[in-house]
Amino acid sequence: MILRLISCAALGLALSTTAHAHHAFSAEFDVESPVEFTGKVTKVELINPHSWIHLAVTKEDGTTENWMIEGGSPNSLFRQGVTKNSIPIGSELKVFGYQARDGATRAVGRTIHFIDGTPLFFGGSAPPNSSGAPER
Amino acid sequence: MNASFPYRTLSTIALLSSALAAAADELPRTSWGTPSLQGYYTNATIVPLERPVDLGEREFLTEEEAQARLERAMTVTETQPGTEADVHYQFDDYGMARAQNQTVFSHRSSIITSPKNGRLPPATPEALARGQEIRAWRAEHGFDSAKERSLSERCIIWAHEGPPLLPTGYNNHVQIMESKNHIVIMSEMIHDARVIPIRDSAPTAVLPPQWQGSSWGRWEGDTLVIETTGFSGRVTPTGAAAPMAVDAKVVERISRIDAETLKYEFTVNDPTLWEAPWSGDYVMQAVEGPVFEYACHEGNYGLPNNLSGARAIEAKGGKP
Amino acid sequence: MLQRSSAHPTPGLLRPLGVALLLVSANVAAQELPRTADGKPDLNGIWQVMNTANWNLEAHSATQGATEILGAIGAVPPGPSVVKGGHIPYLPEAKAQKEQNFQNRRTEDPEAKCYMPGLPRATYMPYPFQIVQSDGDLMMVYQFAGAVRTINMSNHQPAPVDSWMGWSNGHWEGDTLVIEVTGLNANWLDRSGNFASEQRRVIERYTMLNPYVISYEATIEDPTVFSEPWTLSMPLYKHVEEEARLLDFKCAEFAEELLYGHLSKDAAARSNAAGEQP
């Protein structure tokens, strides 16, 4: 079963830690500037602390803008066998997110998936136990 | 739904202790005879650091309570578009959600075992005052420059790395490597490797403060006891009001329970922060390696983006 | 010793002793090495180079540094080439890139930005690193930027992902530890702009000469940058202080002004005062 979004605040309370105080998303991205578009992948950066997917987005007037979309740490993905080639260059993705406060063509990807609705990395279902270790 | 969650069931500490005694002869050992603690582990858990107040001195949840807690931890509220909480990537898109990572299932009500209420001791007035000063400064200057941002946002260190090492929201992997005279404990975030000498007596070299203190270890029977002091004075531990003092002392005890599990116990003593020392313990479970590199600083777009965003807010007459 | 044996009351005893001494001296290097339980050289310890390779892998005389305000402290000290054959065999386009790197080294050297140095550079940074050798794998922990890597000694897999410190597969060839490093991010090889791409494959060889010195060689193969593989070579010296240990060199905070200074409130105020767009 695919989980819903875990908000930073909810996760923080559950853990009694400040795990997500590290990154003030509200300073970086503007809740008043939601964006939604499709674009073609030009670069995939599976890096820490956040991954970034670069898209070439064709606007209504026919010009192209380069957007970079912020995502999560890829380490759990690597544990599942994901590599930088898992999202082929040229793939078409659909994004809903919030744009950077400084007006740059940068956004946090609240939802991001292949244009047909397939999730980016897990092909439609939550992945199995990452370690493969048996339950006790 | 529960059956699909990748958790392991661990019963009471009493059961674990008897298992330890029975299995002592079967524990893996190094070629020089000490217990082998080496391996890759996760310390992800749904046991909170502090016990909910209404549980009083109760160390264990009932089966029903534990299952309910598990369900709550694995089920989350969807955020609403147009709210601040919605301005975030989706955890399960990246395999970072609780249910997507191996997690220990336990009936324990808290990681903290002492004080008896399973909660951090009261903060000292000094710590509270210092905390207020820091918050007041940050409210005014928190976005002035990179050095005003948090240590984790600057990719310098995450507080959970300690010592004591505590579980955090994700990337809870730990690598332990053992040689005859050293043990390495490496946290995934941010690839910090504590290289701890194993000695007969405390070191005498005078060292400068260190981000994770200076540690030394010794074997007491089959338990590795690590003593650490000489902290940086710049890191605010999880749940503390202000940074941990240079002279704070942390003792860790690590032992092997069975082929798949280590027990990690600790005591923290910082009279500048808390009115009493406090202790806790939890279990680390073996996972497949490797611990993937969490380079952080090298890929830190977020920090300059935050500063740039703050400047944009200021340019419009606002306050970031 | 052998000459005195003729005057010795029992010459018969000393002749076999003389032969034994000859045999011992031939094997002294091998016998003196500390060894682990499986008979391999024990490389545990804190090691450091004593050379200027990190300034420039090729031969270099003393010159002005990239930051003149540091005076002689910022100057480049002299050093011989550590490259076998003297020069790094760049392809023509790569050589031009190297020159460009050199021109921009003050701001573009990944070391200045506190990026993890990768291999082989991490080995010859002018800071100590520690080898922790277990019954199985090894770890190498570097003081600079807290860089760390694990050397997989069994069950070798190809690099699953790229990283700054790469993916290391190691094995023993006699008493030499041979490590193949792949999956490395593109990086510089020194402060002079020498560089290699993410395509590179580095083969390292660690051979203990005695308990305190390791002979280190690294061969770099990168057909997108170099016309042929090339090898660098240098000794690694052991720290013998009784309580030697690595200390923190988390340099990210020292690189913040270089990387982000232009985004600070002060910088914005200065450019406002100068009448520029914020």
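This is a predicted model: local features need pLDDT of at least 70, side-chain atom pairs count only at pLDDT 80 or more; totals for chains, interfaces and linings use all residues.
Chain A comprises three helices and five strands, and its elements follow one another along the sequence in the pattern α-α-β-β-β-α-β-β. Of its 136 residues, 43% count as buried. When contacts in chain A between residues at least 6 apart in sequence are considered, 51% of them join residues at least 24 apart. The strands of chain A form a closed barrel of five, running β1-β2-β3-β5-β4, and the pairing within this barrel is mixed. On average, neighbouring strands of this sheet are turned by 50° against each other, direction ignored.

Both senses of pairing can be illustrated with β3(A). Strand β2 (residues 52-58) of chain A pairs with strand β3 (residues 64-70) of chain A in the antiparallel sense, over seven bridges. Within this pair, His54(A) stands opposite Met68(A), and Val57(A) is placed opposite Glu65(A). The two strands form a hairpin with five residues between them, and Gly62(A) in the turn adopts a positive phi of about 90°. By contrast, the pairing of β3(A) with strand β5 (residues 106-114) of chain A is parallel and extends over three bridges. Here Ile69(A) faces Ala107(A) in β5(A).

Chain C contains five helices and 11 strands. Of its 278 residues, 33% count as buried. Residues 24 or more positions apart account for 55% of the contacts in chain C with a separation of 6 or more. Nine strands of chain C close into a barrel in the order β1-β2-β3-β4-β5-β6-β9-β10-β11, again with mixed pairing. Neighbouring strands of this sheet are turned on average by 30° against each other, direction ignored.

The packing of nonpolar residues was examined next. In soluble globular proteins, nonpolar side chains tend to be buried together.

For chain B, the mean pLDDT is 91, and 92% of the residues reach 70 or more. Over residues 1-17 of this chain, however, the pLDDT is below 50; beyond near neighbours in sequence, this stretch has 30 contacts in the model.

Most residues other than glycine have a negative phi, and most peptide bonds are trans. Two cis peptide bonds were identified in chain B. The bond from Pro163(B) to Pro164(B) is cis, with omega near 5°, and Pro164(B) lies in the loop between α3 (125-141) and β5 (173-178) of chain B. A further cis bond joins Met189(B) and Ile190(B), with omega about 15°; Ile190(B) is located in the loop between β6 (182-187) and β7 (192-197) of chain B.

Positive phi values also occur in residues other than glycine. Cys155(B) has a phi near 60° and is situated in the loop between α3 and β5 of chain B. Because 26 other C-beta atoms lie within 10 Å, Cys155(B) is classed as buried. Asn155(C) likewise has a positive phi, of about 50°, although it is not a glycine, and is found in the loop between β4 (148-152) and β5 (167-173) of chain C. Asn155(C) counts as exposed, because the residue has 9 C-beta neighbours inside 10 Å. Thus the positive phi value is found at a buried position in Cys155(B) and at an exposed position in Asn155(C).

Terms used: Residues are numbered from 1 along each chain as its sequence is written. Chains are lettered from A and ligands numbered from 1 in the order in which they are written. Helices (H or I, at least four residues) and strands (E, at least two) are DSSP runs, numbered from the N terminus. A residue is buried if 20 or more other C-beta atoms lie within 10 Å of its own, exposed if 12 or fewer, and partly exposed in between; C-beta atoms are placed from the backbone. pLDDT is the predictor's confidence in each residue, from 0 to 100. Two residues are in contact if their C-beta atoms, placed from the backbone, lie within 7 Å. Two strands pair if DSSP finds at least two bridges between them. Axes are lines fitted to C-alpha atoms, for helices over the stretch in contact, and angles run from 0 to 180 degrees between N-to-C directions.
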